[in-house]
Amino acid sequence: MTLLDAFRRQLEALALPAGRALVAVSGGPDSVALLDLLHRTRDLHGLELVAAHFDHGIHPESAAVAAKVRALAESLGMEHEEGRAALGARAGETVARAARYAWLEATRLGLGAAVVFTAHHADDQVETVLMRTLAGSGPAGLAGMRPRSGTIIRPLLSFRRGALVDYARAQGLPVWLDPANEDPRHLRSWLRCDVLPLLRARLPQVDEALLAVGRQAARDRAAWDAVLELLPGLDFRVEFDGFSVAAGVLSGYHSALGETILTAAARRVGCRLGPARAGRVLRQAARGASGATIELGEGWAGEIAFGRLVVSRVAHPEPGGSWSLEGRCGERQWQRWRFRWSHEPAPPDQPRAALTTWLVPGPLEVRRRTVGERIHPLGGTGRRLVVRCFQDARVPRSRRAEWPVVAGPDSVVWIPGVCRSDALLPEPGTEALRIDAEYA
């Protein structure tokens, strides 16, 4: 079986979403091989690929590398996005990684892409398991990288570095060998170039042994993931930007069980939660003080709201940010929300709380709510405070500041997923403006 055939099998197993997808391309052999493989399998995945290169501003050749990646994307007839930073030669791998992933996520949101492909492979997985072993990680950490983690897709995890290098060479792809990959100042590079060769000399099967540790730990991790759906009363839910569980039920578990369940739930949404912080969250759940929040690091926080423990990203609303829905169709971002609109006949009925609505065409604005603002709920009587609508929908207090409203000339007509007004309600079958809102 050729590497391309094996790659096609990997893609088939990933059940990829349709639409746009970013491909992170550093310029190294692994990432340019990934870009070429994805290009050659367009008939299978049908994605609109966008090559994404981030110039860290660390190496003096970085501008030339960016130009090569740009030229490769153009030769494949592919859209290209490029980001730049000025981290400097002293920047460490952790700082560089954080900057790169922050830019990739911002670019993904800005383009409305569903996923980001990265070129992590089996040798990267070996190094990851070894690094986490030396760092004292628990079983979940020893499982290493997932083929799919949130919006990150890693379709090369079963391929060895040597095979990808050979593929890039055979296809005549332009590659750049980053000197940082052999710089012993970086922990991963030191393990790759100094430690692993010593281990292989004494233990020739060390790579397979480390991969086996990762596979066993991944099975353990998968089992705990499955438990989340099976525990009676826990009522685990994936929310807009986090998760929630029944606080009273969680606090009644043995502490070790409760901490393990919490870390499994956090993993599901991309939150790294260690035993110490999981213990703090459990104690908060036991106290049951509604509205109290606890910082969990890396932009996450826990909160008790309406009898549920909610763990979500800390909201940092941007100032201002209002804009009008213009034209017969369009698509635009409001903070972490994406709006799409088009004209079509209005349906016979409209739900009161949904992420899709139909309105009489006219001047409409997407913005943040104002204090004291009211809405006349569809099917209700009287005008209701918007904040009360959030309370009725059990939206945690920490989430409300980043929640948009759609307003007409006189009042709020829609709070996505929370409440639809009876204003600007089109007659069934007449031309209407359909608006879809999605929390990206």
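**Notebook: salt bridges and a sheet**

I looked up E331 and found that, at 41% relative accessibility, E331 counts as partly exposed (buried means under 20% relative accessible area, exposed over 50%, partly exposed in between, with a 1.4 Å probe and protein chains only). This is a predicted model, in which local features need pLDDT of at least 70 and side-chain atom pairs count only at pLDDT 80 or more, while totals for chains, interfaces and linings use all residues. Residues are numbered from 1 along each chain as its sequence is written, and side-chain values use heavy atoms, with hydrogens and water left out.

I then noted that E331 forms a salt bridge with R338, their closest N and O atoms being 2.8 Å apart (a salt bridge is a side-chain nitrogen of Lys or Arg within 4 Å of a carboxyl oxygen of Asp or Glu). R338 is buried, with a relative accessible area of 5%.

Next I checked the strands (DSSP runs of E, at least two residues, numbered from the N terminus), and I saw that Q333 stands opposite R338 in β14. Strand β14 (residues 337-345) runs antiparallel to β13 and is joined to it by 5 bridges (two strands pair if DSSP finds at least two bridges between them). Both belong to an open sheet of 4 strands in the order β13-β14-β22-β15, with antiparallel pairing. The edge strands are β13 (330-334) and β15 (356-359), each pairing on one side only.

Last, I looked up R313, which forms a salt bridge with D241 at 3.6 Å between the closest N and O atoms. This pair links distant parts of the chain, 72 residues apart.
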